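Subject: The structure, and what turned up in it

Hi there,

Here is the structure I promised to pass on. Please open it alongside this email, and I will walk you through what was found.

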Amino acid sequence: MGSSGRASDIVGFWRAVELFDVQKVPDPVQEQPRVVVDVASDGLLPWQPEHPVQRRPIRSDYEWCYTVYLGLYEAARVVDQLCSAFGPESPYTAGTRAQGVTSAVIAFVVGPDGVIGPDTPVLSSAAWATGRLRSPGPGSAQWLDGLAREQSALRRALTGLSDPPVVSPPSAVPPARDSGRTDRSVVSRAGAAVRTQVTSAARDALDEGAKSAGTGVDGIVTAAMGALVGPVVGTIAGPLIGTIAGGVAGKFVEKVLTARRAAGPRGDTEPAGGSAVPTPVHRVTMHDLTATELTEFVGELSAALGIADVLQPAGIRVECWQRRRRPDRPPRPLEAPLLNSMIADDLDRIAALLRDGGAGRALRDYLTADADIDDERRRDVQDHRDEVLKLVGPECKPAGRWPTESDRPLAMAQQFAVDAIHAELSSSSGLFAVNGPPGTGKTTLIRDLIAALVVDRAKVLATLERPSDGFGGVLTYDDGEKLREIDLLRPELTGFEVVVATNGNDAAKNITHEIPGAKAVAAEFDARDRCDYFPELTDDLLEGPSWGLVAAALGNRSNNRAFTSRVLHGDGAPRPKGGAPAPRRVGLLNRLTTGSASGPSWSEARRRFRAACDEVARRTAAQTAVAAAVSALPELRDATTSAERELRAQGEIVAARRGEERTAADRASRLRARLDDATADLDRHVAGKPGFWDSLFSMWAVRRSWYADGVELRGRQRTAREQWEAAETELDAARAATAQAEEQLTGLDRKHATMRGDLARAEEIVRTAPTLPPVADADDADFELTAPWADPELDRARSELFLAALTLHKAFVLGAPTRFRRMLITAGRVLADPGGMPPAAVLAAWQGLFLTVPVVSTTFASLPRLFDRVEVDALGWLVVDEAGQATASRWSGGCHAVGAR
């Protein structure tokens, strides 16, 4: 099996676990405004007038809604079946037994009008998977395939129960020339009405793969028409089959529709003009159903799913809750009950992406097998402090810093994490893990990373001559209503988006309250007034004091609505109990329309940002010089000491060469004197040459003796000359050696002087530096508590750069009002329901939103839904907060959309 197949199987296993994850339904409770009641099979349903819930007081501007849970079962029974199939030590079941947890086979939401919410019917995945556990069983490769089809068929069938009929109003009925024509017209219109209603239950189920076991859809329509225009000839056709849930629900709906139409009013009215018009088809709502019928329905469904005997589902539980009714606005869509895992579907999609090689790099890295990891690249920073010190140098710090107190820098591990994450993931996708217990400053680390990314994007913004230069075109798309346009940011302005994912809504809100909250920034920076980054809108969003719109909690519909209402439209915060309503604001969309937002011009914001960049660069360069000096000191000291040794050694060599030169000179002088003596002796000998007569009288003996002496004297002179010339040669060599040694000595002296100067300057830089690096051989506590290269003035400049970057972002948004208005309007639609919006438009909307609000927090469960239409690695950063408190399957659901983590 290849690596992609292995990774896909792992995610497939995660999905299987999620399918068996039993969600708890609410316990019975009798507290206002939320009431949860159990209903007997022959009891009253809470929306019926005689039920006690209907006698409870309710404000005139509120109305009751109902979440219905059918077929209650204990979660422990699911675990029993898992244990029977896999054994108690199976990864499927280890630690999952939940005593006392009750769930339901199906659930749906009923509105005040008695109509089931269109997207609310839900089939329990745990109940369905338990049935699949028995047949076809885990031995089948497709044993957990098909849930989506079941859900769709169930939803379409049940919501078809109350689809309103479409009947032409009497005023639209043309006058008939004869009764035959009139009857046919009536039948035609009645047939259209029935077809509209019945096909929502029957034909839609067929669309999901069901097939009629009786007369078929046309037979259903014919039978229903018979109930209108004459005696009922027969009942609607039998159950629809194909998908189990769709088939059973289709049969239930057919049964209900048949019975209601057979018993419903048939009389015709006689309007002015004399034409008979049928009474409109009766609209079946939950008000028309009994608990007995619902009990029978869920019993049939449980039997069809094969879970009736093992889960023993029984009973009805209804949660009654109140919704505000606002006549000036359309009612909010009803949300489906939380009966299943919110990430199972996304895990299925991710498994397919992994199998096809299309998943994001971060998830692929996480799922890499141990055998495929290059251990040579790993470093234990506990044993290799030099690796840590390299990454916490001044030149490695991001330019931006969160505006906390300047005298409260990051500790060693925090700064190392920020620097390493920024260095490794700014230009490529990947994965980085930070481990630390609560209270060790992980949120502080996240804030510094946010500041770094905001500054990084601002550096790109600062290269633009005008805001309009930041866009690369316009995308025209069809959102299902009409053609719309959205502007596209240039690619270099994207990839800085930050998503913070947490395990729950409270944690997500904590993150986004901490980041824009007033206490998140130090008073010394006066960030609220200096940036003026839409703080009053943020106050409404947080329902408390803030300093700027740098983060928002999104994901569930409540959070999405709050953001759209309070930030985009300026509706203000909710009215406090007993208090006056909050004042309306000028929302962001209106500010972009009217140009009423304040702030510096684009050119002024650029100038300020560039000046802040220069200040950070200047101070960083000074600190980098200190770092270089500190780094160079050991080598400089060693080199200077070595040069001193070389200088002394060379001095000794020069002295020796000079001694050798003197010795050679003395010898040459002595040999020269000997040569001079030999020459003088020879000259005297030549001068004393015997005359002719002396030679004659001595019979030439004197002449022979003189010649012999001359030969000897010349030999002595020749020998003396040769010795002197040799001595001169040696003297020349000695002089050359001395000169060379003296030259080398001079060079070493200059080198030594230079090194001493470099050493003195480095020592002076270090001596006068405001801060010094940590000592590598310090004990663990001192090393970890050290704030590396902490310089309050530099940290202040970095924080001010971050604030200047936000101001530049605001100037960019306000400098392109039409473009950003289109992007933010589209973002509002995405948050409400992207519907059929194309992925490119969804991505453009998210990118525009993230440029305006740099950080979005959400839950693991909301990640897949929030970024459902965003392509792989299309967004910048995913920060998983408290990842150790959740399984990897929880946060992997959003990994496909975000590149770096």
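Let me start in the middle of things. The largest nonpolar core has 116 residues, and the members that touch the most others are W402, W547, F563, F609, F812 and W846. Helix α25 (residues 792-815) gives this core its largest share, twelve residues. There is also a second, separate core of 60 residues, with A16, L158, V256 and L311 among them.

Before going further, please keep in mind that this is a predicted model. The chain has 901 residues, of which 48% are buried, and its secondary structure comes to 29 helices and 17 strands. Among contacts with a separation of 6 or more, 77% join residues 24 or more positions apart.

**Around W402**

Setting aside residues up to four places away in sequence, W402 touches R447, D448, I450, A451, I515, A520, V521, W547, V550, S799 and F802. Both W402 and W547 are buried.

**Aromatic pairs**

The count of aromatic pairs is 18. How are the rings of W402 and W547 placed? Their centres are 5.7 Å apart and their planes stand at 80°, so this pair is edge-to-face. W402 sits in the loop between α13 (385-391) and α14, while W547 sits in the loop between α18 (535-542) and β14 (551-553), so the pair ties together parts that are 145 residues apart in sequence.

Another pair is formed by W706 and Y707: with ring centres 5.0 Å apart and planes at 70°, it is edge-to-face too. W706 has 11% relative accessibility and therefore counts as buried, being under the 20% limit. Y707, at 46%, counts as partly exposed. Elsewhere, ring pairs join F471, W602, F812 and F820 into a cluster.

**Two helices packed together**

Helix α14 (residues 412-425) packs against helix α15 (residues 442-461) at an angle of about 35°, and their axes are 10 Å apart. The crossing of α14 and α15 is right-handed. On the α14 side, the residues that meet α15 are Q414, A417, V418, I421 and H422; on the α15 side they are T444, L445, D448, L449, A452 and D456. Sorted by class, this contact has six nonpolar, three polar and two charged residues.

**Two more residues to look at**

R528 lies in helix α17 (residues 527-531) and, at 29% relative accessibility, counts as partly exposed. Leaving out residues up to four places away in sequence, R528 touches Y533, P535, E536, D539, S546 and W547. R528 and P516 are twelve residues apart along the chain, with 9.9 Å between their C-alpha atoms.

D119 is found in the loop between β4 (102-110) and β5 (122-123). Is D119 buried or exposed? Its relative accessibility is 51%, so D119 counts as exposed. Apart from neighbours within four places in sequence, D119 is in contact with R155 and A336. D119 and L334 are 215 residues apart in sequence, yet their C-alpha atoms are 7.7 Å apart in space.

Happy browsing, and do write back with any questions.

Best wishes

Methods: Residues numbered from 1 in each chain as written. Predicted model: local features only at pLDDT ≥ 70, side-chain atom pairs only at ≥ 80, totals over all residues. Heavy atoms only, no water. Axes fitted to C-alpha atoms, helices over the stretch in contact; angles between N-to-C directions. Helix = DSSP H or I, 4+ residues; strand = E, 2+ residues; numbered from the N terminus. Left-handed = near helix turned anticlockwise from the far one by under 90°. Contact = heavy atoms within 4.5 Å. Nonpolar A, V, L, I, M, F, W, Y, C, P; charged D, E, K, R; others polar. Core = buried A, V, L, I, M, F, W, Y, C linked by side-chain atoms within 4.5 Å. Buried < 20%, exposed > 50% of the residue type's maximum accessible area, 1.4 Å probe, protein only. Phe/Tyr/Trp six-rings, centres within 6.5 Å; stacked < 30°, edge-to-face > 60°.
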